[in-house]
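Hi,

Here is the structure I promised to send over. Have a look at it first, and then read on for what turned up.

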Amino acid sequence: MSGRKIANVIRLSLSHILLVILAIAALYPALWILLASFRPGKSLYSKTLIPESFTLDHYRELFTSQSLMFGQWYANTLKISIFSMLIGVFLTLLTSYAVSRFRFKARKTALSTILILGMFPGFMSMIAIYLLLKEFHLLDTHLALIIVYAAGAPLMGTLIAKGFLDTIPRSLDEAARIDGASNFGIFMRVILPLSRPMITYMALTQFVGPWVDFIFARLILRTKENWTVAVGMWDMVNSNQNTNFTVFAAGAVLIAVPIMILFMFLQRLLVDGLTAGASKG
């Protein structure tokens, strides 16, 4: 019995040590960037983690520098992320509602197609999407990014949302239908109010994707005024003439702030939506 207790203590101790190492590996780079944004000078390297003095000049430079358009990039990214989130969540809910509540011939085929397409990375279709957008004269526009981001949302979220909708009793649909509600009325008045956790989860994931995306935005957007913040930040450090890494650190902190706030305040609904959607397929 004592040997089993010793083995359990060793196992728990090793687990805690591993968790501490992983936490340090995850938090240390973020802490370094945060403190670097307040460090005077231009170099990201420092002998000490905590700066000897703190300054807000780097944050001011982001919005006052003549060579940077950080405020414009930030507004562009916010607009693209919000519209992509709203349209993408609505499309995902409609798709998941259809495959959850209706039985039709191509239902299993549609689910299999969504599952298979979701396995492929998005950049595999970038050239084809680029050519389509070029034919429709949508290159270098925010509308192009919104359309692509929103249209791709059902591929990633339909199966999880369907699992959540399957947990909602069908008797509620039948009661609403007896009262004269149409299918769309049931969706709007019954399904949506009961899907707040799932909507929160999908909204967060759909917002974060466009907010941090660089590859596709760099491919589509050409003019500096239309850049997203990820493209602008990349150009900031890509230029050989610009080595102001502390300003880059300040921009990185501002990028992380909206996501951090959303996750902090919506954490409970996020966990509820993810676990409920995964409980039934």
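Helices H3 (70–101), H4 (107–119), H5 (126–135), H6 (142–166), H9 (196–212) and H10 (215–220) each put at least two residues into the lining of the largest pocket. Helices here are DSSP runs of H or I with at least four residues, numbered from the N terminus. H6 is the top contributor to that lining, with ten residues. In total 36 residues line the pocket, and those nearest its centre are Val148, Tyr149, Gly152, Ala153 and Met156. The space inside comes to about 1,000 Å³. For the record, a pocket is an open set of points on a 1 Å grid over the protein atoms alone, where a 1.4 Å probe fits and protein lies on both sides within 12 Å along at least five of seven lines; lining residues have an atom within 4 Å of a point. The volume is the space filled by probe spheres set on the points, with grid points joined across faces, edges and corners.

Before you go further: this is a predicted model, so local features need pLDDT of at least 70 and side-chain atom pairs count only at pLDDT 80 or more, while totals for chains, interfaces and linings use all residues. Residues are numbered from 1 along each chain as its sequence is written, and side-chain values use heavy atoms, with hydrogens and water left out.

Now the core. The largest nonpolar core holds 51 residues, and Leu62, Phe70, Leu145, Phe216 and Ile220 touch the most other members. Such a core is a set of buried Ala, Val, Leu, Ile, Met, Phe, Trp, Tyr and Cys residues joined through side-chain atoms within 4.5 Å. Buried means under 20% relative accessible area, exposed over 50%, and partly exposed in between (1.4 Å probe, protein chains only).

Leucine 145 is in contact (heavy atoms within 4.5 Å) with Ile80, Ser84, Phe216, Ala217, Ile220, Leu221 and Thr228, leaving out residues up to four places away in sequence. Threonine 228 sits in the loop between H10 and H11 (229–238) and is buried, at 3% relative accessibility. Beyond its neighbours within four places in sequence, threonine 228 touches Trp73, Thr77, Ile80, Leu145, Asp213, Ala217 and Leu221.

Most residues other than glycine have a negative phi.

Next, H12. H12 has a kink of about 30° at valine 257, shortly before proline 258. The bend is the angle between axes fitted to the seven residues ending at a position and the seven starting there. Proline 258 is one of the buried residues of H12, which also include Val253, Leu254, Ile255 and Ile259.

A few remaining spots:

- Isoleucine 168, in the loop between H6 and H7 (170–178), is buried at 6% relative accessible area. Its C-alpha is 7.9 Å from that of isoleucine 191, 23 residues away along the chain. Isoleucine 168 also touches Arg101, Leu194 and Ser195, among others.
- Proline 197 is in H9 and is buried, at 17% relative accessibility. Proline 197 and phenylalanine 164 are 33 residues apart in sequence, with 9.2 Å between their C-alpha atoms.
- Threonine 48 lies in the loop between H1 (2–36) and H2 (57–64) and is partly exposed, at 37%. Threonine 48 touches Trp32 and Arg39, setting aside neighbours within four places in sequence. From threonine 48 to leucine 68, 20 residues apart in sequence, the C-alpha to C-alpha distance is 29 Å.

Cheers
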